[in-house]
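Trainee: I'd like to learn how to read a model like this one. Could we go through it together?

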Amino acid sequence: MNESVIRRDQSITQLLVKWGSGDKAALDELIPLVYDELRKLAASYLRRRSGSGTLQATALVHEAYVRLADQSSISMEHRAQFFGLAAKIMRDILVDHARRRQAAKRGGQQLRLSLTEAERFGHKPEVELIALDDALKELARTNPQHSRVVELRFFGGLTIDGTAQVMGLSHATTERYWSFAHAWLRRELAA
């Protein structure tokens, strides 16, 4: 890793700690450092869905920023935790958007999200975002850590190792949770 990347990561970590300590200005300093990564993450979500969409990656990142700024009692120690939180917020924004569109069209096309890049949960090439969100909420009732693993991997784009780091789990445990959640969601979404 080159020296400038190490310094940038250290700056991000310092800002995350400040923000976690209640320094709201730290978030304003942090966003320019992570904006490109957040925009890539948002663009990735939006590329996965089919049909014409009204939500743009920039708007998704800006809405995520507004919701991040409203957070209180944040405990951040590293960038993986931050991107996990950002992933959760983006998931919520996308689901809210899909529900509004569905309500407006009264049963029209729902926002659809392709799971091909996140290891298919079923044989369908696309899964409705609302159905996925509902299934994840159901999974969270009985197995909250399993649901969180899916959220971090799929919506946060984290690897098994990154997910394990955020959750404070071993690599093997994280893989077991991922495998279980993967099979459970495949069954739920196929029904």
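Trainee: Is Leu30 buried or exposed?

Mentor: First, a word on the source: this is a predicted model, where local features need pLDDT of at least 70, side-chain atom pairs count only at pLDDT 80 or more, and totals for chains, interfaces and linings use all residues. Residues are numbered from 1 along each chain as its sequence is written, and side-chain values use heavy atoms, with hydrogens and water left out. Buried means under 20% relative accessible area, exposed over 50% and partly exposed in between (1.4 Å probe, protein chains only). Leu30 has 0% relative accessibility, so it counts as buried.

Trainee: Which residues is Leu30 in contact with?

Mentor: Contact means heavy atoms within 4.5 Å. Leaving aside neighbours within four places in sequence, Leu30 is in contact with Ile12, Leu15, Leu16 and Phe82. Leu15 is 15 residues away in sequence, yet 6.1 Å away in space, C-alpha to C-alpha.

Trainee: What does the largest nonpolar core look like, and which residues have the most contacts inside it?

Mentor: In soluble globular proteins, nonpolar side chains tend to be buried together. A nonpolar core is a set of buried Ala, Val, Leu, Ile, Met, Phe, Trp, Tyr and Cys residues joined through side-chain atoms within 4.5 Å. Here the largest has 54 residues, and Trp19, Leu38, Leu60, Phe82 and Met90 have the most contacts inside it. Not counting residues up to four places away in sequence, Leu60 touches Ala42, Tyr45, Leu46, Leu55, Met90, Ile93 and Leu94.
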